[in-house]
Amino acid sequence: MKKIFKFILNTIPRPILIRLSIVARPILAFLLKGKTFTDPIDGKSFRMFLPYGYGTQRNNVLSPSTLSLERHRLLWLYLQNETDFFTATEKKNVLHFAPEQEFYKRFKKQKNIQYTTTDLFSPLADVKADICNLPFEDNQYDMLFCNHVLEHIPDDTKAMQELYRVLKPGGMAILQIPQDLNRATTFSDDSITDEKERAKIFGQYDHVRVYGRDYFDKLRSIGFTVIEEDYTKKISLELVTKYCLAPGEIIPVCFK
């Protein structure tokens, strides 16, 4: 199964994968029903989660029902338990970059948010836009989600500046990235253009850098106030295991 999933991820373009997964999800969820692991996003339980990874495959990380990964489930729990995202009575203006399937329909249905999605290629995007040149007004959004996007962007400084520009003063942005916390400084090399070499060095064929611990300080240099939220420490070990989370993963919670 690992080899099959690795082949699919590395050969089928992401927009096509999104469309195919709509058909595959209910079939996978039915076949893998059980009680070992639970997806907190929809509350469904399974005997196993699916493997995932463009290079090295991780076991029990991809939820059969929502197709969420560790970071998605962690973010859901944070939003549910630590913010008023789901409960606020005053409507929030929310912008979501490269919207994840597990969130898209749920957020669209929320009555307490004005929800806009954006991306250059995603079929789920309301607005086709370049993150480095956004067609939105200054100080327009109460909340931004931009998760596992910046590692794809050659000029991530410009992208961060645009995120800061469109966020309202006092607004919150969740800016998750794949991060090597053992690495002090971020590594990038523009001369590496071969997809196989990028996958080997950066972890994925379409990544252009590996972020280190200095990621948070770079966000601060843009103007954000950053909370390095190690949320798995606030969850019991039993639930970390049950929800298939990644212990020690940091959520960058940013404010303007």
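Where in the chain is L67 found?

L67 is found in the loop between β4 (58-62) and α3. The model is a predicted one, and all values below are computed from it. As background, most residues other than glycine have a negative phi.

Is L67 buried or exposed? Its relative accessible area is 15%, and the cut-off for buried is under 20%, so L67 counts as buried.

## The chain as a whole

The protein chain holds eight helices and 13 strands. It has 256 residues, and 50% of them count as buried. The accessible surface comes to about 12,700 Å², with 54% of this area belonging to carbon and sulfur atoms.

Contacts across the sequence can be described by their separation. Taking contacts between residues at least 6 apart in sequence, 62% join residues at least 24 apart.

## The seven-stranded sheet

Seven strands form an open sheet in the order β7-β6-β5-β8-β9-β13-β12, and the pairing is mixed. At the edges are β7 (127-128) and β12 (225-229), each of which pairs on one side only. Helix α3 (residues 70-82) packs on this sheet and touches β8, β9, β12 and β13. The direction of α3 makes about 45 degrees with that of β13. Helix α5 also packs on the sheet, where it touches β5 (92-97), β8 and β9. Between the directions of α5 and β9 the angle is about 130 degrees.

Strand β8 (residues 141-146) runs parallel to strand β9 (residues 167-174), and four bridges join the two. Within this pair, M143 stands opposite M172 in β9, and F145 stands opposite I174 in β9. On to β13 (residues 251-255), β9 is joined by three bridges, and here the strands run antiparallel. I174 has V253 as its bridge partner in β13.

## The β-α-β unit and E162

Which elements make a right-handed β-α-β unit? They are β8, α5 and β9. The helix of this unit, α5, spans residues 156-166 and contains E162.

E162 has a relative accessible area of 7%, and therefore counts as buried. Its side chain makes a polar contact with the side chain of R165, at 2.8 Å. With neighbours within four places in sequence left aside, E162 is in contact with I131, C132, N133 and L134.

## H96 in strand β5

H96 lies in strand β5, a strand that α5 touches. How much of H96 is accessible, and does that make it buried or exposed? The relative accessible area is 1%, so H96 is buried.

The side chain of H96 makes a polar contact with the side chain of E100, at 2.6 Å. Not counting residues up to four places away in sequence, H96 touches F103, F107, Y115, T116, T117, T118 and F145.

## Loops and a helix end

N139 is placed in the loop between β7 and β8. Its phi is near 55 degrees, a positive value in a residue other than glycine. N139 is partly exposed, because its relative accessible area is 37%. L67, by comparison, is buried.

Helix α6 (residues 195-202) has a side-chain contact at its start: a side-chain oxygen of D194 reaches to within 3.1 Å of the backbone nitrogen of K196. After α6 comes G203, with a positive phi near 95 degrees.

T185 lies in the loop between β9 and β10 (187-188). T185 and D214 are 29 residues apart in sequence, yet their C-alpha atoms are 5.4 Å apart in space. Residues up to four places away in sequence not counted, T185 touches G212 and D214.

How values were computed. Residues numbered from 1 in each chain as written. Predicted model: local features only at pLDDT ≥ 70, side-chain atom pairs only at ≥ 80, totals over all residues. Heavy atoms only, no water. Buried < 20%, exposed > 50% of the residue type's maximum accessible area, 1.4 Å probe, protein only. Polar contact = N/O pair within 3.5 Å; in protein donor to acceptor, adjacent residues only side chain to side chain. Contact = heavy atoms within 4.5 Å. Areas by Shrake-Rupley, 256 points an atom, 1.4 Å probe, with all protein chains shown as cover. Pairing = 2+ DSSP bridges. Right-handed = clockwise from strand over helix to strand, strands pointing away. Axes fitted to C-alpha atoms, helices over the stretch in contact; angles between N-to-C directions.
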